[in-house]
Amino acid sequence: MTKATDAADQLGLSYEMTQHGPVNSLEEAAAARGIEPARLIKTIVVRLSDDDYRFVLVPGDREIAWPKLRTLLGVKRMSMPDKDTAFAVTGYLRGTITPLGSTHAWPVIADERITGTISIGGGDFGTGITVDAGELAKALDATVADVTD
């Protein structure tokens with residue numbers, strides 16, 4: 001069990017935990033979890049200003065569309081924090097970041113293409129949580145929008 005699975009339990013999510021060995025790419029991680037890369041969800045932390053961050057959930061085969069995200073959030077600038085700041089604001093190392101069990105419940109934005117059964121980071125390297133995208137978005141009170149290309 002991890003902080004992420006503890007959080008999933010507290011949210012009442014039905015999920016399956018997957019563990020696998022080291023991987024060198026998103027494609028390898030998807031293969032190890034037995035899913036298509038589009039179903040492996042990346043959690044990206046973005047900084048709007050000092051002490052104001054968001055989790056952005058992005059399908060594995062897509063990238064953040066920064067203009068779309070800025071428009072949605074009503075900001076002109078945002079950035080990605082360095083690894084130390086990302087750890088300080090989430091409690092997770094890069095490559096393991098998930099909104100589940102984060103040390104701070106930053107607002108979540110989920111790309112509208114995230115549907116069906118997905119795998120999100122489980123809070124440790126080689127750990128995934130397979131869950132229904134709609135249930136996850138609802139449990140996290142995520143804003144669902146078109147934020148990727």
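The buried residues of helix 4 pack against strand 2 and strand 3, where buried means under 20% relative accessible area, exposed over 50% and partly exposed in between (1.4 Å probe, protein chains only). Helices (H or I, at least four residues) and strands (E, at least two) are DSSP runs, numbered from the N terminus. The model is a predicted one, in which local features need pLDDT of at least 70 and side-chain atom pairs count only at pLDDT 80 or more, while totals for chains, interfaces and linings use all residues. Residues are numbered from 1 along each chain as its sequence is written, and side-chain values use heavy atoms, leaving out hydrogens and water.

Ala86, Val89 and Thr90 are the buried residues of helix 4. Viewed down the helix axis, they fall within an arc of 85° (taken from the directions from the axis to the C-beta atoms), so they line one face of the helix. Asp84 and Ala88, both exposed, sit on the face turned away from this buried side.

Thr90 belongs to helix 4, which spans residues 83-90, and has 0% relative accessibility. Beyond its neighbours within four places in sequence, Thr90 is in contact (heavy atoms within 4.5 Å) with Val45, Phe55, Ile97, Ser102 and Thr103. A polar atom of the Thr90 side chain also lies 2.7 Å from the backbone oxygen of Ala86.

What follows helix 4? It is Gly91, with a positive phi near 85°.

Asp51, in the loop between strand 2 (40-49) and strand 3 (52-59), is exposed at 67% relative accessible area. Its C-alpha is 8.3 Å from that of Val89, although 38 residues separate the two in sequence.

Definitions and conventions: Polar contact = N/O pair within 3.5 Å; in protein donor to acceptor, adjacent residues only side chain to side chain.
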